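Open the model in your viewer and keep the sequence panel beside it. Each stop below says what to select and what is there.

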Amino acid sequence: MQSSQNRRVLDATGLKCPQPVLKLSVISPDMKPGELLEIIGDCPTFEKDITAWCLRLKKTLLSMRDDGGYRKHALIRF
Amino acid sequence: MVENGMPPPKCILSDQYSAHSAAERIQPLQARCAGIPPSDPIRLYSLCLDCDLLHRHGDRALFAQIASRLAECHAETVSRRSKVKADCAAVQQMLELLSIGDPDARLVLPGDSDVFRPLVPLLNQVADFTKDLIEESHETAIGLCEHYETLLLLAGGNLSVRASINSPVELIAKLGELINSQSNTFLDVIKRQRTQEHELQSLNQQLQSIIDFLPDATFVIDAEQRVIAWNKALEEMTGHVKETVLNKGDFAYAIPFYGLRRPALINFIDNEEGLSDFNYKYFKRQGNSIIAESFIPANNRFDDRHLWIAASPLYDLDGQKIGAIESIRDISDYKRIGHEKELLREQLYHAQKLDSIGQLAGGIAHEFNNILAAILGYASLIETRLDSGSPHLPAVRRIISSAEKAASLTRGMLAFSRKQNLSVKTVDLNLLISDMMEMLCRLAGEDISVEFDPSLQDLLLQADHGQLQQVVLNLYNNARDAMPDGGFLNISTGAGTFTGQDPEAPPWIPAGSYVKLTVSDTGSGIEPELVERIFDPFFTTKEVGKGTGLGLSIVFGIVQQHNGYIKVTSRPGEGTAFSIWFPKVESGRVKTAEQAICPWRQNRGSETILVGEDNDDVREMIVELLRDLGYHIVEARDGSEAVSIIKQSGGTIDLLLLDVIMPRMNGQEALAAIHQTYPQIPCIFLSGYSDDILQQKGKLAGEFVHLSKPILPEMLAAAVRSALDGH
């Protein structure tokens, strides 16, 4: 996981779902309330899984950017 | 017929199989049918050269028909091949979607070719199955994530959080129920623990409050020797607050009055080894507890202390030792007060003893004085009546000399018994001693160095000048005689105000301002067992004939009569110091010298004097002495008779000479009655010792002349003349 000034980045490309959401949960304890996480994935259910994860775990999905193909960027506020 | 695993080509004109090999018969036709790859098995159409149709019709029309047919076949073949290709691509894409796990993968054949049509339901069935698997696995994963999050919150102390139990995945739902169940169980346990912790904290607070309340300095250690309680009394005693000591094992540093790092009594609960190294004056084991008294010498931070210490182990419910408690009580004040009480008790005992002796001595001296007064008086009369060449004169003078020595002894006894009449004036102690120094230095001899170390302050006191001189002289003599081989004799004065808490002052001295006189020597000192007897009359350690044993008794009596206090400090072989404290006065007229007494024979007169004295011998002696001096005498046997005579005399009496103690009416009462009629008549009191009434009314002593018995002729003559002359 990378970290920039105001957000952290989790590159989940190449990981098959549901690996990205499991990764999200693993790093979740390290995230402080209000902190931003950008996660990148390219599995077919990435958007659906991230959306469901945020809804169920009460995190805010700020945006979901489609980069073409299956590759997408999601921005989550913890 | 099957050749090389492939069916033989059929004739394009019939359904017959060519009997010829493909290689033989197709080749020419293919030459005319350009564009058809010879290797394409699908395109391998044959024209059977042996076909009867061909031989029967063998014309161009037939060949045209064949060609048309071939063209149709070719077109059909091309069309079919295109559909198959499209379908093949669709199948390929479908397989790719399935391979990456796209749940939306669905196969639709664009060519609907016969070749792939059977795959459609199969592959879509696989897609549906894959989709179900993906959705279930994702639901499981997110459900796990949810439970993971819940467990994280629970672990963080948020006991109100609940796991979801609505997952369509049965295992996840069951896991949520299990988490909630365990959470509830944990919650109950935690609530119980919190309740118990609160109760324990309350109990601990109560115990801490109790320990804090204890007036004795108290601390508690656990099994690992760590301090778990340190009360306020110990904070005050040591100066270490509990926060600096709690949970620390090395508490020795926190008891600084020990002056060194050393074990406390608590360290000897199980093992007394080494106990004797640490000044425990008393040690006792009572069951599991130990108690001890310890003396802690003074160090650079603390005065010496006496401590009463108790220590005991602490046990749990199973009887296992879990720590120990120690309490320390500073009994220094108790010890000091006890010591002071002991001193006071000894002082009281000594004072009572001396008072009893004084009563006896005073009584004897009084009786002796009356006898001596007669002896001296009559001997003096005989002396005056004898011719200077009379052979009896030496014997008479020896009688007078011996009687005067006896009178001196009785004066000493009276001084000790505090029954002397005092002529109290304001006296400057420094001046008094300064006046005496020349004489004292002369008396000292060559081997003794006498020093006077006066205080720079004014040291005024109310005292009888002569009595105070007697005190200095007696102490001086005592110091000088204690140094037969020479030494240093120091007389010093000082002043101070005692608050009642002064360590240098004897405890029996009340608070107040005092002047202090100290006479010290470097002589032989006094053995401790003799110190308490040195003020006893006639007690002396001097050789027989060298001391009467009254010197210090007289000092004691005079000091007592002046409301003073005396303390003796002595070390055998090093010397002795007598310190005396007299109440200080701030101002007053200082009398520096006694009036000179004129030779008695010069004090003659012819006035009329009333002599009131109950003792016949004394009265007759006085009367005879005064008549010898030319005076007219009227006698009275008691105060009442004196009053009657005065009333009948019509004011012809010039002077009253009254004994203080007489039957029926004493001298004081008689004077008071006479003064009602003749207030101007002067009076001289005579007394063996003054009674309590006169003592209490000390002012009278300053207003009237007193003559102490035995009365010396010159004293009587001078006093009478002085009183008549109005001095």
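The tour goes from confidence to chain A, then to the interface and into chain B.

**Before you start**

This is a predicted model, in which local features need pLDDT of at least 70, side-chain atom pairs count only at pLDDT 80 or more, and totals for chains, interfaces and linings use all residues. Residues are numbered from 1 along each chain as its sequence is written, while chains are lettered from A and ligands numbered from 1 in the order in which they are written.

**Stop 1: colour by confidence**

Colour by pLDDT, the predictor's confidence in each residue, from 0 to 100. Chain A averages 91, and 94% of its residues score at least 70. Chain B averages 81, with 83% of the residues at 70 or above. Select residues 591-600 of chain B: pLDDT stays under 50 there, and the model has 15 contacts for this stretch beyond four places in sequence. Contact means that C-beta atoms, placed from the backbone, lie within 7 Å. Next, select residues 696-702 of chain B, where pLDDT is also below 50. This stretch has eight contacts beyond near neighbours in sequence. The model scores ipTM 0.91 and pTM 0.40.

**Stop 2: chain A**

Show chain A as a cartoon. Count two helices and five strands; these are DSSP runs, helices being H or I of at least four residues and strands E of at least two, numbered from the N terminus. The order from the N terminus is β-β-α-β-α-β-β. Select strand β5 (residues 72-77) of chain A, which has the highest mean pLDDT among the chain's elements, 96. Strand β1 (residues 2-3) of chain A has the lowest, 61. Of the 78 residues in chain A, 27% are buried, meaning that 20 or more other C-beta atoms lie within 10 Å of a residue's own; exposed means 12 or fewer, and partly exposed is in between.

**Stop 3: the interface**

Show both chains. Here 14 residues of chain B are in contact with 15 residues of chain A. Select helix α4 (residues 119-155) of chain B: it gives the largest share of chain B's side, 10 residues. By class, that side has eight nonpolar, three polar and three charged residues. Nonpolar here means Ala, Val, Leu, Ile, Met, Phe, Trp, Tyr, Cys and Pro; charged means Asp, Glu, Lys and Arg; the others, Gly among them, are polar.

**Stop 4: helix α13 of chain B**

Select residues 616-628 of chain B. This helix, α13, has 13 residues and reaches 18 Å from first C-alpha to last. That is close to the 18 Å expected at 1.5 Å a residue, taken as 1.5 Å times one less than the number of residues. Its buried residues are B:V618, B:R619, B:M621, B:I622, B:L625 and B:L626. The face turned away carries exposed B:D616 and B:R627. B:G630 follows the helix, with a positive phi near 100 degrees.

**Stop 5: the core**

Which residues have the most contacts inside the largest nonpolar core? They are B:L376, B:I622, B:L657, B:L658, B:I684, B:L716 and B:V720, in a core of 93 residues. Such a core is a set of buried Ala, Val, Leu, Ile, Met, Phe, Trp, Tyr and Cys residues joined through C-beta atoms within 7 Å. α7(B) supplies the largest share, 10 residues.

Note on methods
Two residues are in contact if their C-beta atoms, placed from the backbone, lie within 7 Å.
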